Amino acid sequence: MSDDPSAAKKSTEGPKAHVCEHPGRKQWGGFGFAIGKGPSNWFCFEHRPAVWSPSKQA
């Protein structure tokens, strides 16, 4: 614990649980991807993209 009053405080919300975005899945999505500053897309191991390179998609 810091005596500095400007020190960051810990969140009491806990970690966020991301669910796989594949239709019909409720499994934890541990693989998150985003393009630029856009929203992240989360997938489980089974449904994660094999290649994720937005700069090569055209």
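1. **The model and its surface.** This is a predicted model, where local features need pLDDT of at least 70, side-chain atom pairs count only at pLDDT 80 or more, and totals for chains, interfaces and linings use all residues. Residues are numbered from 1 along each chain as its sequence is written, and side-chain values use heavy atoms, with hydrogens and water left out.

2. **Overall make-up.** The chain has zero helices and two strands. Helices are DSSP runs of H or I with at least four residues, strands are E runs of at least two, and both are numbered from the N terminus. Of the 58 residues, 10% count as buried; buried is under 20% relative accessible area, exposed is over 50%, and partly exposed is in between (1.4 Å probe, protein chains only). Among contacts (heavy atoms within 4.5 Å) with a separation of 6 or more, 8% come from residues 24 or more positions apart.

3. You won't find a disulfide here: the structure holds zero. C20 is in none, and its nearest cysteine sulfur, that of C44, is 3.7 Å away. C44 is likewise in no disulfide, with the sulfur of C20 as its nearest at 3.7 Å. A disulfide would need a pair of cysteine sulfur atoms within 2.5 Å. As for cover, C20 is buried at 4% relative accessible area, and C44 is buried at 1%.

4. **Around W42.** Have a look at W42 in strand β2, residues 41-43. W42 is partly exposed, at 23% relative accessibility. Setting aside neighbours within four places in sequence, W42 is in contact with H18, V19, C20, E21, G29, G30, F31 and G32. With H18 there is a side-chain to side-chain polar contact at 3.2 Å. That term means a pair of N or O atoms within 3.5 Å; within protein, one must be able to donate a hydrogen and the other to accept it, and residues adjacent in sequence count only if both atoms are side-chain atoms. G30 sits twelve residues from W42 in sequence and 6.7 Å from it in space, C-alpha to C-alpha.

5. **G32 on the other strand.** G32 belongs to strand β1 and is partly exposed, with a relative accessible area of 35%. Not counting residues up to four places away in sequence, G32 touches N41 and W42. From G32 to C20 is twelve residues in sequence and 9.3 Å in space, C-alpha to C-alpha.

6. The whole structure has one aromatic pair. F31 and F45 form this pair, which is tilted, at 6.0 Å centre to centre with 50 degrees between the planes. F31 is in strand β1 (residues 31-33) and F45 is in the segment after β2, 14 residues apart, so the pair links distant parts of the chain. Rings of Phe, Tyr and Trp (its six-membered ring) pair if their centres lie within 6.5 Å; planes under 30 degrees apart are stacked, over 60 edge-to-face, and the rest tilted. F31 is partly exposed at 32%, while F45 is exposed at 55%. R48 lies over the face of F31, 5.6 Å from the ring centre, and also over the face of F45, at 4.0 Å. A charge sits over a ring if NZ of Lys or CZ of Arg is within 6 Å of the ring centre and within 35 degrees of the ring normal.
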